[in-house]
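Subject: Two-chain model, handover and findings

Hello,

Here is the structure I promised to pass on. Please load it first, then read the notes below.

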Amino acid sequence: MSDNKHTNKAEWPLWEVFIRSKAGLDHKHAGSLHAADVEMAIENARDVYTRRQEGVSIWVVESKNIHASDPGESESLYEPANDKIYRHPTFYNLPDEVKYM
Amino acid sequence: MTQYSFQKHFDDKIDSDMTIEPKDWMPDDYRKTLIRQISQHAHSEIVGMLPEGNWISRAPTLRRKAVLMAKVQDEAGHGLYLYSAAETLGVSRDEMYSQLHTGKAKYSSIFNYPTLTWADMGAIGWLVDGAAIMNQVPLCRTSYGPYARAMVRVCKEESFHQRQGFEIMLTLAKGTEIQRKMAQDAFNRWWWPSLMMFGPPDAESPNTANSVRWRIKRLTNDELRQKFVDVTVEQAKVLGLDMPDKDLKWNEERGHYDFGAINWAEFYNVVKGNGPCNKQRLDARKTAWEKGQWVRDAATAYAEKRAARKAAAAQTKAA
């Protein structure tokens, strides 16, 4: 290990925190924090994001591993869905006599 | 897209009340204004822990002590939410710390006043956190997404801060004569600096116009200050304390309280670094950062060691 590593003043990596607020629900993005490793990231997330019983489960992901879609491509990505209303149940007219469908 | 159409796309989003997200194009000035405002806000949360930390070991009861610790812990969290929001704009955490420690970045001047008695814990919660909430609630709808989301979280947690402060004031105000005097004294000392928290008058606030245009700010300094005065006067009546302003008077025509002139010379003097505790606060921050260096180094070394062990174990398994 080089000396350089020990005098390294670099920041700890950034982590994104996802919290499951109660059993059965999805994990949802809560925020981010810096931590030296995954254990510390989870401990810090516990301290910062669940002080008021906001969570029963924590995921942490190093921010550099998250890949996002490009806002500039929103049109080509999402517009094709706009004219496909037949994908929604409300598109179909059924007689009133039909129940539970 | 051309520069022009980027700008137009941005303006359209602002005008239609849509949020701007980190990867969206934004004008340089918008980015700069946000970095300045959010980092100042973060620094204020962090430095704001210091005047109260002073009283944790001297809180009058175990209940008050537990509450004060929870409040100070919240403030550390609020600083973190805000630093994270600023980081999404491309400034690093260490860069922001260094701006704070070198005095390049400011924090709220209110924290440069001393906390002389236990009643100051009450006055800070009631007035300083009250003023902060007044400022922060409109920011939950600010145009920059990460900032707005951080503010939602902050506001949710902050309301207990003001209530616990009011409760301290109420207990003292209804207590012995000495306690009542202590509450009044703290009120007298914190009232004017609290009004200054909203920043200079609109006419002298160079950043207001752009910030309102960009929906970074939703209400001006003077509008927020007036709102704060109006609600606080009523709360002071409940406490049975005297407003420390002989010019305070209900104005029927405006439907607001008129209040006395604020000593802006004092405000600018404290901003410049000449407040009663500027040096003490900044020194405490720098000392905490420097003395924490070995902890950060140790954590990094430990993380490296664990990672190396894991890699070695994986190799043994594979072999």
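This is a predicted model: local features need pLDDT of at least 70, side-chain atom pairs count only at pLDDT 80 or more; totals for chains, interfaces and linings use all residues.

A:I42 touches A:I58 and A:V60, leaving aside residues up to four places away in sequence. A:I42 is found in helix α2 of chain A. From A:I42 to A:W59 there are 17 residues in sequence, and their C-alpha atoms are 7.5 Å apart in space. Is A:I42 buried or exposed, or partly exposed? Its relative accessibility is 36%, so A:I42 counts as partly exposed.

**Strands of chain A**

A:W59 leads on to the strands. A:W59 sits in β3(A), opposite A:F18. The pairing behind this is between β1(A) and strand β3 (residues 57-62) of chain A. These two strands run in the antiparallel sense, over six bridges.

β1(A) also pairs with β2(A), again in the antiparallel sense, over seven bridges. Here A:E16 stands opposite A:S32 of β2(A). The hairpin of β1(A) and β2(A) has six residues between the strands. In that hairpin, A:G24 takes a positive phi near 100 degrees.

How many residues of strand β1 (residues 14-20) are buried? Five of the seven are, and the strand is mostly covered. When you look at the side chains, recall that in a regular strand they alternate between the two faces of the sheet.

**The interface**

Now to where the chains meet. Contact involves 26 residues of chain A and 24 residues of chain B. The area buried between chain A and chain B is about 2,100 Å². Carbon and sulfur atoms give 47% of that area. Three residues, A:E11, A:R51 and A:R52, supply 25% of the area that chain A buries against chain B.

Between chain A and chain B the count is six salt bridges. A:R52 forms a salt bridge with B:E157. The closest N and O atoms of that pair are 3.5 Å apart.

Which elements give two or more residues to the side of chain A that touches chain B? They are α1 (3-6), β2 (27-34) and α2 (38-49) of chain A. The largest share, five residues, comes from α2(A). By class, that side of chain A has twelve nonpolar, five polar and nine charged residues.

**Chain B**

The secondary structure of chain B comes to 13 helices and two strands. Its C-alpha atoms fill a box of roughly 80 × 55 × 35 Å along the principal axes. Chain B has 319 residues, and 51% of them count as buried. Take the contacts in chain B between residues at least 6 apart in sequence: 77% join residues at least 24 apart.

One residue of chain B to look at is B:Q184, in helix α8 (residues 177-196). B:Q184 has 11% relative accessibility, so it counts as buried. The cut-off for buried is under 20%. Leaving aside residues up to four places away in sequence, B:Q184 touches B:L241 and B:D242.

Best wishes

Methods
Residues are numbered from 1 along each chain as its sequence is written. Chains are lettered from A and ligands numbered from 1 in the order in which they are written. Side-chain values use heavy atoms; hydrogens and water are left out. Contact means heavy atoms within 4.5 Å. Buried area is the accessible area (1.4 Å probe) that two parts lose on being put together, summed over both. A salt bridge is a side-chain nitrogen of Lys or Arg within 4 Å of a carboxyl oxygen of Asp or Glu. Helices (H or I, at least four residues) and strands (E, at least two) are DSSP runs, numbered from the N terminus. Ala, Val, Leu, Ile, Met, Phe, Trp, Tyr, Cys and Pro count as nonpolar, Asp, Glu, Lys and Arg as charged, and the others, Gly among them, as polar. Buried means under 20% relative accessible area, exposed over 50%, partly exposed in between (1.4 Å probe, protein chains only). Two strands pair if DSSP finds at least two bridges between them.
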